[in-house]
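Dear colleague,

Please find below the structure that I am handing over to you. My notes on what was found in it follow directly after.

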Amino acid sequence: MTAPDVVRTAAGAAHPRLLEFTKGHGTQNDFVLLDDRDAALDLTPALVRGLADRRAGIGGDGVIRVVPTAAVPEAAALLEREPAATWFMDYRNADGSVAEMCGNGVRVFVAYLERLGLARAPRPGEGPPTAALAVGTRAGVRYVRAEPGGWYAVDMGPWHLPGGDAAAVAGYDAEVDVAGLPVTRPALSVDVGNPHTVLALADEGELSAADLARAPQVQPLPPAGTNVELVVPLGEQAGADGVLVGRVRMRVHERGVGETRSCGTGACAAALAVRTWAGAGAPDVWLVDVPGGTVRVRVLASGHVELAGPAALVATGRVDLAALAVA
Ligand SMILES: N[C@@H](CCC[C@H](N)C(=O)O)C(=O)O
């Protein structure tokens, strides 16, 4: 007997058995990308887990679905404010949970839109300086420009410290216990569309000693959980243009995934926390070194934060849904 050409999900939706995918990454934060321009895919948590599984599936820190914003009921208000946000980044963590935002993912999403011929981010010198591609996300609209060298710069929108002024003054509003480190550390909560908790370590020896195979214990734990960034500030230096640039090294434990080799929103949160701790006169531009590479974070006068970095599409193929463990 031959296998059927369609498979049914638990919800009863029928899918072609062979699902096309693309694999991409941003500083080695890796994703399975799906073209669902017809909004026909029933992307269940089980299907996400199956695709993201590094042994029994394709493997990735997350799954990203391209879908028309108009087909996403929760994005109706977003489209009213920004009709140009035609395409929506439906982001899922490897454990099947939904996340509001992914900073590395949005760059890879745009590279994928360009590969599919669905949209294009303006190149340097194209259109007015403010020209940008609008992308719908659960955290709001994000605006993306291409930079030289295959990088993309993304206006990641407004950020805030959930602990308010008191946390900014004290420098912390939480405590984190990290396996492998001797004492519990103070930490600062930062919201960049999704939740982060950032703690500073004394040096790179401590950063390597941290065991992120186990989830750090955060007190108090935000109701929706949190991503945790471990940072070591590396100092500040004036760039060729005279602008002061700060540098930090970071490791991350992502909500819904575990340790990853990079996290774009995490890099923004890390830079914002270190800048808060440094006080007046601290740089607005930060380079964040992660195990998978380096990204640039810029704190904008508008109250937004910008993230820039590379995006790579490395493979395409078809996955056999009948063979994928989606239970
Ligand atoms: N890796 C992403 C963040 C993905 C979502 C995160 N795990 C969450 O649950 O908030 C990034 O590059 O920002």
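Thr27 sits in the loop between strand S3 (18-26) and strand S4 (29-35). In this predicted model, the residue has a positive phi of about 45° although it is not a glycine. Most residues other than glycine have a negative phi, and most peptide bonds are trans. Thr27 is buried, because 26 other C-beta atoms lie within 10 Å. A second residue of this kind is Ala39, which is not a glycine either and has a positive phi of about 50°. Ala39 belongs to the loop between S4 and helix H1 (45-52). With 14 other C-beta atoms within 10 Å, Ala39 is partly exposed. Regarding peptide bonds, Gln219 and Pro220 are joined by a cis bond, with omega of about -10°. Pro220 is in the loop between strand S13 (217-219) and strand S14 (227-238).

On confidence, the mean pLDDT of the chain is 95, and 98% of its residues reach 70 or more. For the complex, the predictor gives an ipTM of 0.99 and a pTM of 0.96.

I turn next to the annotated sites. The UniProt annotation "active site", from an unreviewed entry, covers Cys102 and Cys263. These two residues are spread over 162 residues of sequence but cluster in space, with a largest C-alpha distance of 7.6 Å.

Cys102 lies in the loop between strand S6 (87-93) and helix H3 (103-116). Is Cys102 buried or exposed? Cys102 counts as buried because it has 29 C-beta neighbours inside 10 Å, and the cut-off for a buried residue is 20 or more. Residues up to four places away in sequence not counted, Cys102 touches Gly62, Tyr91, Gly264 and Thr265.

Cys263 is placed in the loop between strand S16 (258-260) and helix H6 (264-278). It has 35 C-beta neighbours inside 10 Å and therefore also counts as buried. Which residues is Cys263 in contact with, leaving aside its neighbours within four places in sequence? They are Asn29, Asn104, Asn227, Val252 and Glu254.

Leaving aside its neighbours within four places in sequence, Asn104 is in contact with Gly26, Thr27, Asn29, Ser262, Cys263, Gly264 and Gly309.

Asn194 is in the loop between strand S11 (185-191) and strand S12 (195-200). Asn194 is buried as well, with 26 other C-beta atoms within 10 Å. With neighbours within four places in sequence left aside, its contacts are Ala99, Glu100, Met101, Ala139, Asn227 and Thr265.

Helix H3 also holds Leu116. Leu116 is partly exposed, with 14 other C-beta atoms within 10 Å. The C-alpha atoms of Leu116 and Asp35 are separated by 8.3 Å, although the two residues are 81 residues apart along the chain.

As to the overall arrangement, the chain is divided into domain 1 (6-157 + 312-320) and domain 2 (160-301). The centres of the two domains, taken over C-alpha atoms, are separated by 25 Å. Their contact takes 19 residues from domain 1 and 19 residues from domain 2. On the side of domain 1 that touches domain 2, the elements giving two or more residues are H3 and strand S9 (151-158). The residues of that side divide into six nonpolar, ten polar and three charged.

Finally, the largest nonpolar core has 90 residues, and those with the most contacts inside it are Val110, Ala267, Cys268 and Ala270. H6 provides the largest share of this core, eight residues. Domain 1 and domain 2 each give at least three residues to the core. In soluble globular proteins, nonpolar side chains tend to be buried together. Cys268 touches Gly103, Met156, Trp159, Val192, Val297, Val305 and Leu307, not counting residues up to four places away in sequence.

With kind regards

Conventions. Residues numbered from 1 in each chain as written. Predicted model: local features only at pLDDT ≥ 70, side-chain atom pairs only at ≥ 80, totals over all residues. pLDDT = per-residue confidence, 0-100. UniProt positions renumbered as here; feature names shortened; annotations may be inferred. Helix = DSSP H or I, 4+ residues; strand = E, 2+ residues; numbered from the N terminus. Buried ≥ 20, exposed ≤ 12 C-beta atoms within 10 Å, placed from the backbone. Contact = placed C-beta atoms within 7 Å. Core = buried A, V, L, I, M, F, W, Y, C linked by C-beta atoms within 7 Å. Domains from an automatic or database assignment. Nonpolar A, V, L, I, M, F, W, Y, C, P; charged D, E, K, R; others polar.
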